Amino acid sequence: MKIIVINGPNLQLLGSRKPEIYGSETLESIQKHLEAVAKELKVDIGFFQSNSEGEIVDLVGSSQKDGVTGIVINPAAYTHTSVAIHDALESAGTPAIEVHISNIYKREEFRRKSLTASACVGQIAGLGTDGYEWALRALVNHLKKQK
Ligand code: DQA
């Protein structure tokens with residue numbers, strides 16, 4: 001199994017960006033932790049962060065061709081705006097789980113709607129950066145059941 005973890009705009013700033021909301025862990029340390037979890041689960045893992053909607057669309061769109069079996073994605077602000085990422089997830093045919101560090105349903109009105117979640121297997125929100133680990137574990141369980 002090959003899993004990719006995609007992080008959208010501004011998530012490269014984790015650690016210093018609004019720690020009261022997103023915590024103090026950096027993206028690098030989240031990735032290190034996920035590498036250890038992936039090793040335990042015996043799956044390959046890759047990481048990608050972009051501030052550009054088109055790059056995320058391209059990556060999701062080429063996932064099948066690239067041999068990717070599952071996607072963990074935090075589309076960040078694009079969650080609330082991107083029909084293009086929704087459509088890419090829907091067309092790619094690669095199962096995805098959406099992650100949000102914060103509970104988007106408890107925040108500003110404009111964050112309470114996800115355009116991308118309906119193209120995913122499920123969504124994890126509000127569990128802090130631990131949510132990435134739960135998403136990875138849930139995705140691997142889901143993929144095993146599909147086999
Ligand atoms: C976020 C929530 C989004 O509303 C926000 O734009 C982000 C991060 C989260 O992980 O909680 O950048 O996706």
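## A buried arginine in a loop

Setting aside neighbours within four places in sequence, Arg111 is in contact with Tyr22, His80 and Ile104, where contact means heavy atoms within 4.5 Å. This arginine sits in the loop between strand E4 (96-100) and strand E5 (122-125). Helices (H or I, at least four residues) and strands (E, at least two) are DSSP runs, numbered from the N terminus. Is Arg111 buried or exposed? With 16% relative accessibility, Arg111 counts as buried; buried means under 20% relative accessible area, exposed over 50%, and partly exposed in between (1.4 Å probe, protein chains only). Arg111 and Ala76 are 35 residues apart in sequence, and their C-alpha atoms are 9.7 Å apart in space.

A word on the source: this is a predicted model, in which local features need pLDDT of at least 70 and side-chain atom pairs count only at pLDDT 80 or more, while totals for chains, interfaces and linings use all residues. Residues are numbered from 1 along each chain as its sequence is written, and side-chain values use heavy atoms, with hydrogens and water left out.

## The sheet

Now to the strands. An open sheet of 5 strands runs in the order E2-E1-E3-E4-E5, with parallel pairing; two strands pair if DSSP finds at least two bridges between them. E2 and E5 are the edge strands, each pairing on one side only. From one strand to the next, the twist averages 20 degrees; angles run from 0 to 180 degrees between N-to-C directions, and axes are lines fitted to C-alpha atoms, for helices over the stretch in contact.

Strand E1 (residues 2-7) is largely enclosed by the rest of the structure, because 5 of its 6 residues are buried. E1 runs parallel to strand E2 (residues 44-49), joined to it by 6 bridges, and Ile4 has Gly46 of E2 as its bridge partner. With strand E3 (residues 70-74), E1 pairs in the parallel sense over 5 bridges. Here Gly70 of E3 is the bridge partner of Ile3, and Ile6 stands opposite Ile73.

## Helices across the sheet

Helix H2 (residues 27-41) lies across E1 and E2, running at about 165 degrees to E2. H3 lies across E1, E2 and E3, at about 170 degrees to E1.

Which residues of H3 are buried? They include Ile56, Leu59 and Val60. These three cover an arc of only 95 degrees around the axis, so they are on the same side of H3; the arc is that of the directions from the helix axis to the C-beta atoms. The buried residues of H3 pack against E1, E2, E3 and H4. On the face turned away from this buried side, H3 carries the exposed residues Asp58 and Gly61.

## Where H3 meets H4

Helix H3 (residues 53-61) and helix H4 (residues 83-92) pack at an angle of about 5 degrees, with their axes 9 Å apart. That makes H3 roughly parallel to H4 (angles under 35 degrees count as roughly parallel, over 145 as roughly antiparallel, 65 to 115 as roughly perpendicular and the rest as oblique). H3 contributes Glu53, Ile56, Val57 and Val60 to the contact, and H4 contributes Ala84, Ile85, Ala88, Leu89 and Ala92.

Ser63 is found in the loop between H3 and E3. At 1% relative accessibility, Ser63 counts as buried. Not counting residues up to four places away in sequence, Ser63 touches Val68, Ile71, Ala92 and Thr94.
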